[in-house]
Amino acid sequence: MPKRSHRLRAAHAVVAAAVLTAAGCDAAGAGASGGREAGTAAGRSASPAPVWNTRPDSIAAVGDSITRGFDACMVLTDCPEVSWATGSDAGVDSLAVRLLGVTGAAQRSWNDAVTGSRMADLRAQMERAVLHRPELVTVMAGANDACRDSTGQMTPVADFRRQFQSALTTLRQALPKTEVYVSSVPDLKRLWSQGRTNALGKQVWKLGICPSMLGDADALDAAATQRRDTVQARVVEYNKVLAEVCAKDRRCRFDGNAVFDYRFGTKQLSHWDWFHPSRNGQARLAEIAYRTVTATDP
């Protein structure tokens, strides 16, 4: 009997130990599981830093005559102080001034655009822009690729795509986190339709401003119409390229054709050539850019 009681007590001890061990494992497991769940919940609640900063602290602009404020102040002359991107003119209220303030824009914005440049020139401009290490680069280029002496000289779409991608790659290799705002190419045909009502403007056009679209400004025959429609179609293709290439970069925003769709009137056109933006037109471009850059959900 004593031996049997001893064996029973030993058996009970083994069972109790097994139960406690199992309970301990379960408790540990529950604790680990609870920790993982809490960690997962914490991970879910922690919002990742946004990819796009709606308030960049410095800006560099690249592009063509529009960004240089060409013909906005006097005939056949750059006027960068009225540039939609980096200008200081109070009437324009440029993107840089809107984002950085007057003092900030003067200290931390740079205009590397070049009048007459085409997409093939953008890479070199981007190389200069990266030296400033800006938090935002604005791009407005492509009009001169369509504005050639003839439609046959317009930049092929495939070349335009390759050149734009090369410029963007140049930026990315140097500044992987810099944001890019890309403007669509303006509706050149609308600019022709508005400017052709002004005799002075048409005389300036004869000096060589966008011949493919503005040449023989009053001609409405089939050949002239087809020529202008060909230029217009190419601009549409260019804008499609800008949208597609930009969409592949998380830190690039295209304006969604806002500039192309804007219905420029004579008030928005230079009174020197009735084709480039006036101060008022530059202000409208600044508004579009600011709206795109600061949008929470573009």
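Which helices and strands do the buried residues of H11 pack against?

1. In this predicted model, the buried residues of helix H11 pack against helix H2 (95-108), strands E3, E4 and E5, and helix H10 (258-261). Helix H11 covers residues 279-294 and reaches 22 Å from its first C-alpha to its last, close to the 22 Å expected at 1.5 Å a residue. Among the buried residues of H11 are Leu285, Ile288, Ala289 and Val293.

2. Strand E4 (residues 179-182) is covered on both faces, with Glu179 and Tyr181 buried on one side and Val180 and Val182 buried on the other. E4 pairs in the parallel sense with strand E3 (residues 136-140) over four bridges, where Val182 is the bridge partner of Val139. E4 also pairs in the parallel sense with strand E5 (residues 252-254), over three bridges, and here Tyr181 stands opposite Arg253.

3. The disulfide of Cys73 and Cys79 is left-handed because the torsion about its S-S bond is about -65 degrees. Cys73, at 24% relative accessibility, counts as partly exposed, whereas Cys79, at 1%, counts as buried.

4. A disulfide also joins Cys147 to Cys210, with an S to S distance of 2.0 Å. This pair links distant parts of the chain, 63 residues apart, with Cys147 in the loop between helices H4 (143-146) and H5 (157-174) and Cys210 in the loop between helices H7 (199-205) and H8 (211-214).

5. Cys246 and Cys252 form a disulfide with their sulfur atoms 2.0 Å apart, and both cysteines are buried. Their link is left-handed, with -115 degrees about the S-S bond.

Note on methods
Residues numbered from 1 in each chain as written. Predicted model: local features only at pLDDT ≥ 70, side-chain atom pairs only at ≥ 80, totals over all residues. Heavy atoms only, no water. Buried < 20%, exposed > 50% of the residue type's maximum accessible area, 1.4 Å probe, protein only. Helix = DSSP H or I, 4+ residues; strand = E, 2+ residues; numbered from the N terminus. Pairing = 2+ DSSP bridges. Expected span 1.5 Å × (residues − 1). Contact = heavy atoms within 4.5 Å. Disulfide = S-S within 2.5 Å.
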